[in-house]
Amino acid sequence: MGSKYKHVFAPINIRGIDFKNRITLAPPSPNLASDDGLVTREFVDWFRMFARGGVCTLYVGNCSIDITECKDEAFQLDLSNDRSILPMTRYADMCKQYGCHASFEINHNGENTAFETVGHAPFSSSPNISSSELTRAKKLGRDPIPAIEMTHEKIAETVEKYAKAAERMKRAGMDICLVHGGHGNLISQFTSPLYNHRKDEYGGSLENRARFAIEVCDAIRRRCGEDFVIEFRISADEIADEGMHFPETLELIGMLKDHIDIIHVSAGLHSDFNMKYYRNWCQNYLMDRCYNVHYARDVKKAYPDLLVNTVGSITSLDYAEEIIGNGWADFVAMCRPLMADPDMPRKYAENRPEDRRPCLRCDSCTKHLMIPKPIFCAVNPISGLTSQLTDGLVPKAPEKKKVAVIGGGPAGITAMQALCDRGHDVTLYEKTDRLGGNVIGAAVPPFKVDCQDYLEWLRRQPAKYNAKILMNTEATKEMLDKENYDAIIIACGSEPIIPKRIPGIDKPHVHWAPDAEEDKSKAGKKLAIIGAGAVGLEAAIEFMDLGKEVDVIEMATEEDATMKLYAGSGTSASEFMKIIKEKPIPVHYETRLVEIKDDCVVCENTKTGETVEYPCDTVLLAMGMVSRKDKAEELRHCAPETNVHIVGDARKVGTICTAVNEAFQAAIHI
C-alpha cells in the first residue's frame, strides 16, 4: 500500500528524465570538498544520507565555475577543469544507487569575492564596492577595492565557464543542474538594478539586464543537449530598497521561462549589507514557516506551464503535500529539515510522519560552515559521523553492558537511543515527572513552534526503545553503586543562575523567566527582566505581546551583549535586534541589578555609577545557566571511571547541539 501523500510522491518526467517524487535537497555547502575544490569520499558519504532517505534530487550549494576567480567558501567545489569529472562521478554514481539525481548549484559570486582570496579585484556587472567589501576593508585596515566591470569578452568567457561546468556535470553522469541566479550573486548582479549600472546592451532595461542570464542558460543547453534539465534559482524579491522587487522579477521570469525547465523561487540577498537580508532566504526560528511559498504560488499563477520549485522553512512533508496539492508549486526544496532527518521522505512514504525528527531552525549547521568545519546538525548526531557510521546505522556493541543515563533532557534521551541501538541494558533516571529537561522551558513561548515540535518528538522516543525509564527519581551515589553499572552517562544538565548575594532575590515575586512563561499567573502587569540573552528577550517578547509592561536589564554593553547573543543564538540574534527596535522593547544596557524591592528593582549604571530604579511587580531572572557540577561529581565514580561520561550542560553549558552530539558520541563508544 502506498502513502497518503499522493502529491509529494507523484513522479514527473522532464525532458525524458524520470523524477520519482517532488522533494529536492535545497543546496547545502558541507565543507567537505578537498583544498583544491574536488569531491572527496567524505563528501560523498555525507550526501549519501539524503539519497538513502528518499529525495528525488540532491543539490550541492555554491559550486564555483572557477575558484581562481570566484570563491567565497574555504572548501568549495571547483568545476573549472576536467580534473573535477572523475571525483564527481563518485557522487553521481552514489545517487544513482538510490534512484535519485545528483546535481550542483553552479555559481559565480561576482563582486563578493575578496581580493585576498583570489589575488585580484572581483568581477561584476559594474565597478561597485560591495557592502561586505567595505566591512572587510575596514577590518583589514586597507582601502576598499571596487569590482572590475566585465568587458564583452569577459562576459562571453564567463558564459562559457557556466556552460562548461554544466557539461562536466553531464559527463560525470548528472542530468540536471541548478543555475544560481539569485541572492546577489553574479547573474543577479546583472539582472538587478541594485548592482547593474551599465550603459550598454547588458544594462538599463530589464530586457538588457536579463541578457547575461539568458546567454548562460542557452550556452548550457547548447553544450548539454535536450536531455538535460536546467533549473534556475532566483530571488523573487531582493527586499533591499534599491533592489529588484517581485513585480519586476515576474517580468524577468517571463523572459527566462523558454530557456529553462524549472524556476527555483527563493528571496533575499546573501552577504550584502552585512547579512541583513540573509533571513529572507534562510529563516530563523522566530520567523514563520513556509516563509517564501507565496512567491512561488504567484509565479505559478502567472506562468502555469512553468515548473516551479519553492523553498524557505518548509519544515515537513505535510506542508509540502499541501503546497503541491494546492498547485502553488511542482517541487519543494528543503535543506535544514532534511539535515535534521534525512529519512523524512521514507518515513512519510511509510505513513509514519510522527517519527520525523524536527528541525529547530537554530542554524548550528551554518555556524559550522563559518568556522570552517564540516557542517552537522544540532538534533541529528549521525550527520557529523557519516563517514564513520555506514548507512547511518549505530553499530552493535561487542559486549552487552549495563548502563545508566542520568537525566531526561535532549542529551539523556539521545544517549538512551544510541545505547539501546548498541544493544545495551539501559536505565534512564529523571528526577522530575517530565522528560525534556531545559527544552521544556525553551518551548513555552508560542512562537517557539520548532522547539515545541522537538520536545514532543523527544518525549515520544522512550516508548520506541527497550530502556527502563525511572521518573521522579533523582539518581544518587548509593543508588548507582547498588546497581553496579558497567558504564554511566551523566546528562544532568544545568540550572538557572540565581545570585544569592543580591538582596531580595528570594522574594515571592522573583521567578526564573521560563517558569513564569509556563505559569502566567506568576507574572504581574509590570515586569523587570534581568538579562538580555535569548531567554530574557524571548520572555520580553512574549509578555509584551500579552500586553505587559517590560524593562530588560542587562549588565553588559550593547555591543558585548549583542556579540554574546550571536554566539549563543546564531543568526536568530539579528531577528532579536529587529524585534527589539520594532516593538520597541526597552533594554537598559550597562545596568547592574543591585537590589530587588517589592515594587521596583534598584540598579546601578556600570558606566556612571548612577543609581536608578525601575518600577515593577514581577522580576524575571534570565541571567544564564550553570552546570550541575556537584551532581556530576557525586556520580562520576559510580562505575569504572573510563566508562563514565559527563555530557551536555553537565559538562559545560551550551546548546541543544552540544548536548545531543556529545551524548551520542559518548554512547556509541560504550
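**Briefing: overall build and helix H12**

The chain contains 25 helices and 27 strands, taken as DSSP runs numbered from the N terminus (helices: H or I, at least four residues; strands: E, at least two). Its radius of gyration is 27 Å, close to the 26 Å of the globule rule for 670 residues, so the chain is as compact as a globular protein of that length. That radius is taken over C-alpha atoms, and the rule is 2.2 Å times the number of residues to the power 0.38. This is a predicted model, in which local features need pLDDT of at least 70 and side-chain atom pairs count only at pLDDT 80 or more, while totals for chains, interfaces and linings use all residues. Residues are numbered from 1 along each chain as its sequence is written, and side-chain values use heavy atoms, with hydrogens and water left out.

**Extent and burial**
- The C-alpha trace spans about 75 × 65 × 45 Å along its principal axes.
- Of the 670 residues in the chain, 60% are buried (under 20% relative accessible area, 1.4 Å probe, protein chains only).

**Contacts**
- Among contacts (heavy atoms within 4.5 Å) between residues at least 6 apart in sequence, 71% join residues at least 24 apart.

**Helix H12**
- Helix H12 covers residues 317–325, and its buried residues are Leu-317, Ala-320, Glu-321, Ile-323 and Ile-324.
- These residues lie on the same side of H12, because they cover an arc of only 165° around the axis, judged by the directions from the helix axis to the C-beta atoms.
- The cover over the buried residues of H12 includes strands S3 (23–25), S11 (307–311) and S12 (331–334), along with helices H11 (293–302) and H14 (344–349).

How values were computed
Buried < 20%, exposed > 50% of the residue type's maximum accessible area, 1.4 Å probe, protein only.
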